[in-house]
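Have a look at it first, then follow the questions.

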Amino acid sequence: MYYVYKNLTSNHLIMKRILFTLIVIAASTFISLSQNFTVEPPNWWVGMNDPNLQLMVHGENIAETSVIIESENIKIKEIHKTDNPNYLFIDLIISSNAKPGNFDILFKKGKKTTVKYNYELFEKSNQKRGFSSEDVIYLIMPDRFANGDPSNDSDKNLLEKADRKNGDGRHGGDIQGVINNLDYIENLGVTGIWLNPVVENNSPDYSYHGYATTNFYKVDARLGTNELYKKLSDECHKNDLKLIIDVIYNHCGINHWWIKDLPAKDWVNHDENYRTTYRGATVADVHASANDKEQFNSGWFVSTMPDLNQKNPFLATYLIQNTIWWVEFANLDGIRIDTYTYPDQEFGSNLVAKVRNEYPDITILGETWLQSIPLVAYFQENCKFSGNYNSHLNSVTDFPLFYATKDAFNEDESWTGGLFKLYYTIAQDFLYSNPNNVVTFLDNHDLDRYFTSVGGDMNKFKMGVAFLLTTRGIPVIYYGTEIAMYGEEHKGHSNIRKDMPGGWEGDDISIFEQKDLIKSQREAYDYVSKILNWRKTNKAVKNGKLMHFLPENNVYVYFKYTETEAVMVMINNHDKDSKIVDCSRFNEILKDYKSGIEITTSIKIENLDKIKIQPKSAMIIELQK
Ligand code: CA
């Protein structure tokens with residue numbers, strides 16, 4: 001027989017495929033000397049609400065073995081085989097009496113133990129989680145933010161090597177770069193970080209973005225290690241920053257080890273010639289054909305991203321457990337689910353329900369890239385018009401407001417244009433089960449940079465920022481937007497995912513050290529950080545109700561208010577004319593206040609009866625009694 005033992009690391013958790021050192025004691029068994037043997041999840045926790053755990057075991061002809069666990073508190077409920085003999089799925093029940101520690105899983109052929117696998121259980125933590133409209137989230141593409149560790153730019157085991165001259169290549173940014181600049185992030189005034197995916201993407205090219213997973217349990221070595229990701233989480237929490245993970249379950253990367261040895265014939269849908277339509281409307285469309293629904297849900301995203309079949313119950317469980325694993329492993333505050341609308345709807349709903357069963361206060365954001373408000377609202381939990389479907393998602397991405405904000409300040413007033421685009425979008429908030437829990441943004445890693453959307457006009461840029469940070473919802477700032485980065489999506493993703501100046505040794509400008517900024521960077525940074533830092537201190541803007549008034553003469557006015565505080569926001573969209581606004585029609589709120597401070601200029605406003613506002617500008621006025 002073969003005698004097998006695990007090559008232990010400091011805490012065992014960092015391995016994707018757990019490599020065994022195999023020592024030959026006798027011949028004639030099923031594991032070859034260099035065979036990888038994988039058990040996932042690589043560990044689990046005691047004290048979970050759900051006592052069930054399903055292990056995926058991968059090893060040559062492993063299905064020919066019998067499995068034994070000798071433990072009072074860990075029981076095998078059921079063992080499943082698939083059409084591939086190299087896989088077993090083992091259902092375990094972890095008793096509430098189970099203590100943290102190790103137990104052995106014996107894989108036997110006849111009376112011989114061919115593999116003895118040591119599995120570890122840790123104690124579940126009681127970390128408080130979740131993010132809300134009190135927060136502003138900073139979105140970072142880790143390869144493009146800061147290179148904190150030049151020694152990991154390329155990795156001998158990973159195909160794509162660093163090449164900063166290639167816009168679509170890997171530039172060397174990493175998790176250490178984020179850790180090194182947490183002071184910058186905190187000083188900017190945001191309260192949480194969402195990193196684009198950090199798990200391994202071992203593709204020969206265009207792998208930096210992270211959306212083609214080749215290992216669901218391992219941080220890409222060019223970004224760092226699992227331990228470093230956990231350290232990032234700890235450092236974030238020390239700095240009162242939250243950490244949100246980005247997960248993708250619609251597809252994996254074509255170089256995922258599954259693809260070479262599929263766990264089951266139905267693990268992947270169709271083939272690369274059958275592409276999704278990217279038309280998420282088919283999900284909610286009562287007239288949609290079954291053909292259109294199938295193609296949207298089961299077509300491949302691109303030729304290098306096989307579409308995963310979450311109708312396979314083992315795959316569904318694998319993905320759900322993977323999410324829970326990362327939350328517990330890294331003490332995460334929230335989850336952003338990429339391409340949320342694409343996978344099987346029942347799976348998506350179960351995924352969120354099961355994660356929230358384990359972590360009732362966590363916030364889960366689904367990417368809902370859809371063009372209309374009802375289509376986005378359909379995917380927020382407890383939607384009133386989604387029939388029997390309930391996504392259970394606390395949060396969705398407010399693309400309709402993004403589109404409105406992209407256009408509003410570029411347009412003159414008309415019946416539905418200009419500021420009315422903002423007004424009408426917000427006016428339909430009755431469609432959302434919780435409009436204050438939608439994620440709002442001016443741009444992101446897939447969209448034109450906002451400064452570009454407004455034609456490089458700093459006044460319009462500031463209006464967009466002021467609106468984003470004061471209207472309802474949970475704002476996201478994409479890295480570089482705070483310095484008015486420029487970039488057009490149609491020129492390629494490299495154009496909207498440029499390196500953050502100062503993140504690399506020898507950069508001329510350092511945003512992080514606030515050194516040698518050009519005028520637009522300085523002006524944008526000062527404006528954005530001023531509002532962000534003020535926002536942290538103001539309960540009305542973070543948690544208050546919203547009351548807005550019909551735009552009039554190209555001026556839009558709204559309030560965020562609580563019982564005791566109020567903020568007034570006034571936006572003048574006229575190109576040339578300053579306006580003196582008669583405020584009597586805002587008396588519902590203003591009657592309780594005597595004066596105010598405009599927070600971006602610190603100018604005191606003594607008289608609230610009439611307020612003068614410059615053309616193409618926004619005023620954020622903290623009202624005083
Ligand atoms: Ca690096």
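Q: What makes strand 4 and strand 10 count as a pair?
A: This is a predicted model, and in it 3 bridges join strand 4 to strand 10 (residues 112-123). Pairing takes at least two bridges, so the two strands qualify as a pair. They run parallel, and W44 stands opposite L121 in strand 10.

Q: Why are strand 4 and strand 6 said to stand at the edges?
A: The open sheet has 4 strands in the order 4-10-9-6, with mixed pairing. Strand 4 (44-46) and strand 6 (66-69) each have a single partner strand, so one side of each is left without a neighbour in the sheet. From one strand to the next, the twist averages 35°.

Q: Which helix lies across strand 4 and strand 10?
A: That's helix 7 (residues 313-330), running at about 70° to strand 4.

Q: What makes the largest cavity count as a cavity, and what volume does it have?
A: A 1.4 Å probe fits inside but cannot get out, so the space is called a cavity. Its volume is about 80 Å³. Helix 7 turns up again here: strand 15 (242-247) and helix 7 are the elements that give two or more residues to its lining. Strand 15 has the largest share, 3 residues.

Conventions. Residues numbered from 1 in each chain as written. Predicted model: local features only at pLDDT ≥ 70, side-chain atom pairs only at ≥ 80, totals over all residues. Heavy atoms only, no water. Axes fitted to C-alpha atoms, helices over the stretch in contact; angles between N-to-C directions. Contact = heavy atoms within 4.5 Å. 1 Å grid on protein atoms, 1.4 Å probe; cavity = no way out; pocket = protein on both sides within 12 Å on 5 of 7 lines; lining within 4 Å. Points joined across faces, edges and corners; volume = space filled by probe spheres on them.
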